[in-house]
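Please keep the structure open while reading.

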Amino acid sequence: MSVHAEQKSWSVPQLAQARDAGRRLTMLTCYDASFARVLDDAGIDLILIGDSLGMVVQGHDSTLPVRVDDIAYHTAAVARGAKHALKIADFPFGSDATPEQAHAAAVRFIQAGAAMVKLEGAGHKLETIRFLVEREIPVCAHLGLTPQSVLKMGGFKVQGREQSAAERLRADALAVAEAGAALLVLEGVPAPLAAEITAASPIPTIGIGAGPGCDGQVLVLHDLLGIDTGHRKPKFVKDFLAEGGSIAGAVRAYTEAVRAGTFPTSEHSYA
Ligand code: KIV
């Protein structure tokens, strides 16, 4: 029987309640209805229809070629498969360049079945966060190693190592929450800095390559299943298929490890 048999669907206010209750949040990326059903039945809290689909589904070298149509299409598919997990749709590169553009894309994602949208960065994006939240669209922010900045960063590099960069990250984390974001993904950030940001953050944080001190964790589904996508695997990735024994077992093993605080460890974190 599904772990959700008697549980209602996740809502946005429940994210803060989970944090207050000390319950770690589990998130995975997903792009289709069948995997969404497996994730939902295994008790995943949050499903991200990430623009990582450009790299793990479409075979590109970065997330930059992904279009709004792609995210809307995959969000609709995931929404047909997952009824309980909270679905978060990712703005692809360029689609959130202005508040108005972001709003047009977000309406498509919400109508496709998402309950929240995710955008990368702070700076001029703060205005977009405010614009969306004022128009009843919940927002997840994403800071640190933001893959859409790959050209500017010169690769996928851990962020916040230098003192000035760490200070900017601390300030940006507070600013996105102040602008109205309800959730914050921290990617590729040294574990002590992510823990410090989490302790100061008024909203829950979800880490990926950000150590064990966040309020929850996210992994790309293909990485959790050990699928060779043709890209280098970062150190924060763990293949859960071996210990899980099946796809559903791998998702359950991940969920249990995140909730128990046994994943990630220092082995999967940056110092
Ligand atoms: O697109 C994605 O999968 C993401 C996660 C890596 C957080 O943004």
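A polar contact is a pair of N or O atoms within 3.5 Å. The model is predicted, and the points below are grouped by topic.

**Ligand site**

- Ser52 places a polar side-chain atom 2.5 Å from an oxygen atom of the ligand.
- For Lys118, a polar side-chain atom is found 3.0 Å from an oxygen atom of the ligand.
- The ligand taken alone exposes 260 Å², and the protein buries 96% of that area.
- Around the ligand are Thr29, Leu48, Gly50, Asp51, Ser52, Asp90, Lys118, His142, Glu187 and Ile208.
- By class, this shell consists of 2 nonpolar, 4 polar and 4 charged residues.

**Barrel and packing**

- The sheet is a closed barrel of 8 strands in the order 1-2-3-4-5-6-7-8, and the pairing is parallel.
- From one strand to the next, the twist averages 25 degrees.
- Strand 2, residues 46–49, pairs with strand 3, residues 86–90, in the parallel sense over 4 bridges.
- Within this pair, Ile49 has Ala89 of strand 3 as its bridge partner.
- Helix 8, residues 163–179, packs on the sheet and touches both strand 5 (139–144) and strand 6 (183–187).
- The direction of helix 8 makes about 175 degrees with that of strand 5.
- In general, strands of a sheet pair through backbone hydrogen bonds, in either a parallel or an antiparallel arrangement.

**Backbone details**

- A cis peptide bond joins Phe263 to Pro264, with omega near 0 degrees.
- Pro264 sits in the segment that follows helix 12 (247–260).
- Glu136 has phi near 70 degrees, a positive value in a residue other than glycine.
- The location of Glu136 is the loop between helix 6 (125–134) and strand 5.

Methods. Residues numbered from 1 in each chain as written. Predicted model: local features only at pLDDT ≥ 70, side-chain atom pairs only at ≥ 80, totals over all residues. Heavy atoms only, no water. Near = heavy atom within 4 Å. Polar contact = N/O pair within 3.5 Å; in protein donor to acceptor, adjacent residues only side chain to side chain. Areas by Shrake-Rupley, 256 points an atom, 1.4 Å probe, with all protein chains shown as cover. Nonpolar A, V, L, I, M, F, W, Y, C, P; charged D, E, K, R; others polar. Pairing = 2+ DSSP bridges. Helix = DSSP H or I, 4+ residues; strand = E, 2+ residues; numbered from the N terminus. Axes fitted to C-alpha atoms, helices over the stretch in contact; angles between N-to-C directions. Contact = heavy atoms within 4.5 Å.
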